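Hello,

Here is the structure I promised to pass on. My notes follow below it.

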Amino acid sequence: MTDEDGDEHDAHHDPDRETFSHDPIGHAEARAGMTVGELADEYGDAGIGASALHEAVTVAEAMFDDDVTVFFSLAGAMVPSGMRRIVADLIRDGYIDVLVTTGANLTHDAIEAIGGKHHHGSAHAEGKTEREHDETLRDEGVDRIYNVYLPQEFFATFESHLRDEVFPVLEDEGVVGIERLTRELGRANAAVNDRDDVDEGPGIAAAAYENDVPIYCPAVQDSVLGLQAWMYSQTSDFSLDALSDMTALTDRAFDAEEAGAFLVGGGVPKNFTLQTMLVTPGAYDYGVQLTMDPKQTGGLSGATLDEARSWGKLEKDAENVSVYADATITLPLVVAAARERVEDAQ
């Protein structure tokens, strides 16, 4: 092969190419009877998102070791979409040491604990525009979260639950931290769930209360739970101190021999979880992020964990991976496969 000047060039590339190694893509097998762990192993033979999910399982497996303190961040509509039991089971089985979540997830968790239910719905109705569909739902008293419906009367039941079972206990204590509120909510959820023999399990906050796992909710005001707390504070001595939680949270991070961040979605819970390490000598040793937010926007929700390393939130040698896909699909897969590996090795 010659160039325009007549010089000859070798048509073969250097076999010792610096940025290339012989690692051919395999073709994943999907067969009847496979376990979730076996399927995740098959993902490792493939590329693009499949290989990222396979890596997430591997990092989660390492993170779920008994010596690692796991900070679990839960944002988005994870409870309404049916992910509630997965998180509650992780807490009960000792895989989560600290939970950081939204007031919305805690609201929907409590609604299910005391007898309410979310329902399959539709993002649109045949013969109607999306706006017309939502106008009809408004008239019928039904709130929509994409294709999930929640009758509005369950919010009234939740508000009564707070005023009857949660806030009066806290009122006697005056100003309390947000973690104290979430702990009392978990206690009340468990008590009412048992007393009323509710078909659905007591849920995330109850599991955290029963297993002494703290729940931090840094943006609690941005929820029905927060709105009700504010309304109750207008006519009582009860109020919330947003800063008091920081001491216990940072102490937990400071004392962790090894630490892992498992991030579902982005928003305030993600940043609150990651920034905890900024005031400690160390950083996270493991990180898994499940998100649909793209990194190109420059927003925190889609920011890679590699970017977090530049801030000192992750150790330089941390094992970390970001999976860009719907968390209602990826969370069950990653958790089931990682738990399968961990528990099979015990």
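Helix α4 (residues 103-113) packs against helix α7 (residues 178-195) at about 20°, with the axes 9 Å apart. Axes are lines fitted to C-alpha atoms, for helices over the stretch in contact, and angles run from 0 to 180 degrees between N-to-C directions. The two helices α4 and α7 are therefore roughly parallel (angles under 35 degrees). L106, D109, A110 and A113 of α4 meet T182, L185, N189 and N193 of α7; contact means heavy atoms within 4.5 Å. Helices (H or I, at least four residues) and strands (E, at least two) are DSSP runs, numbered from the N terminus.

A word on the source. This is a predicted model: local features need pLDDT of at least 70, side-chain atom pairs count only at pLDDT 80 or more, and totals for chains, interfaces and linings use all residues. Residues are numbered from 1 along each chain as its sequence is written, and side-chain values use heavy atoms, leaving out hydrogens and water.

Now the sheet. Six strands form an open, parallel sheet, ordered β7-β2-β1-β9-β10-β11; strands pair if DSSP finds at least two bridges between them. β7 (215-216) and β11 (314-324) are the edges, each with a single partner strand, so one side of each has no neighbour in the sheet. β1 (residues 68-74) and β9 (residues 258-264) pair over seven bridges. F71 has A261 of β9 as its bridge partner. Helix α10 (residues 245-255) lies across β1, β2 (98-101) and β7, at about 135° to β1.

Best wishes

Technical notes:
Angles under 35 degrees count as roughly parallel, over 145 as roughly antiparallel, 65 to 115 as roughly perpendicular and the rest as oblique.
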